Amino acid sequence: QVQLVESGGGLVQAGGSLTLSCAASGSGVRMNAMGWYRQDPGKQRELVAAITRGGSTNYADSVKGRFTISRDNAKNTVYLQMESLKPEDTAVYYCATGSLISTMIPWGQGTQVTVSS
């Protein structure tokens, strides 16, 4: 049983920054990997970034150099620092957990990020 609460979304101008937070509640099982998916209406869900308990990270090519994922293992919290935001970053962002980055499931309700041009 994993409960995820995402926060930090909002409206920002192109070039601005936002930081998303996801607090996970549970025993820690299936939290070896934590990350963020995003989905905009009419588009397929995509993996934005992920991080393992040990600190290994993966990023979508579209966000490399602009987004930074981190986690606080003691708090079971994952963060996504988003900088130099672009309109194409507009989406609902979902926090996900899993045993592996490749098997993460987005459990949360998501947080809306809107980037205006």
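# Notebook: Asp89 and strand S9

I started with the side chains of aspartate 89 and arginine 66, which meet in a salt bridge at 2.7 Å, N to O. I'm working from a predicted model here. The two sit in distant parts of the chain, 23 residues apart: aspartate 89 in the loop between S8 and S9, arginine 66 in the loop between strand S6 (57-59) and S7.

Next I looked for other partners of aspartate 89. I found a salt bridge to the side chain of arginine 38, 3.0 Å from N to O. Arginine 38 belongs to strand S4, so this pair ties together parts that are 51 residues apart in sequence.

Aspartate 89 is buried, with a relative accessible area of 0%. Arginine 38 comes in at 6% and counts as buried. Arginine 66 is buried too, because its 10% falls under the 20% cut-off.

I then traced the shared partners: Arg38, Glu46, Arg66 and Asp89 are joined by salt bridges into one network. The count for the model is 4 salt bridges. One of them pairs aspartate 61 with lysine 64, with the closest N and O atoms 3.1 Å apart. Here both aspartate 61 and lysine 64 are exposed.

**Strand S9**

I moved on to S9, residues 91-98, and found 7 of its 8 residues buried. Which strands does S9 pair with? I noted three entries:

- S4 (residues 33-39) runs antiparallel to S9, joined by 7 bridges; tryptophan 36 has cysteine 95 as its bridge partner.
- S11 (residues 111-116) pairs with S9 in the antiparallel sense over 3 bridges, and valine 92 stands opposite glutamine 112.
- S10 (residues 105-106) is also antiparallel to S9, with 2 bridges; threonine 97 faces isoleucine 105 there.

I also noted that a hairpin of 6 residues joins S9 to S10.

**Core**

Which residues touch the most other members of the largest nonpolar core? I listed Trp36, Val48, Phe67, Val78, Leu80, Met82 and Tyr93, out of 26 residues. Elements giving two or more residues to this core include S4, S9 and S11. S3 gives the most, with 4 residues.

I followed up on tyrosine 93 and listed its contacts beyond four places in sequence; among them are Trp36, Val48, Phe67, Leu80 and Met82. Arg38 is another one of its contacts, which brought me back to the partner of aspartate 89.

Last, I logged a second, separate core of 6 residues, including Ala33, Tyr37, Ala50 and Met104.

Key:
Residues are numbered from 1 along each chain as its sequence is written. This is a predicted model: local features need pLDDT of at least 70, side-chain atom pairs count only at pLDDT 80 or more; totals for chains, interfaces and linings use all residues. Side-chain values use heavy atoms; hydrogens and water are left out. Buried means under 20% relative accessible area, exposed over 50%, partly exposed in between (1.4 Å probe, protein chains only). Two strands pair if DSSP finds at least two bridges between them. A nonpolar core is a set of buried Ala, Val, Leu, Ile, Met, Phe, Trp, Tyr and Cys residues joined through side-chain atoms within 4.5 Å. Contact means heavy atoms within 4.5 Å.
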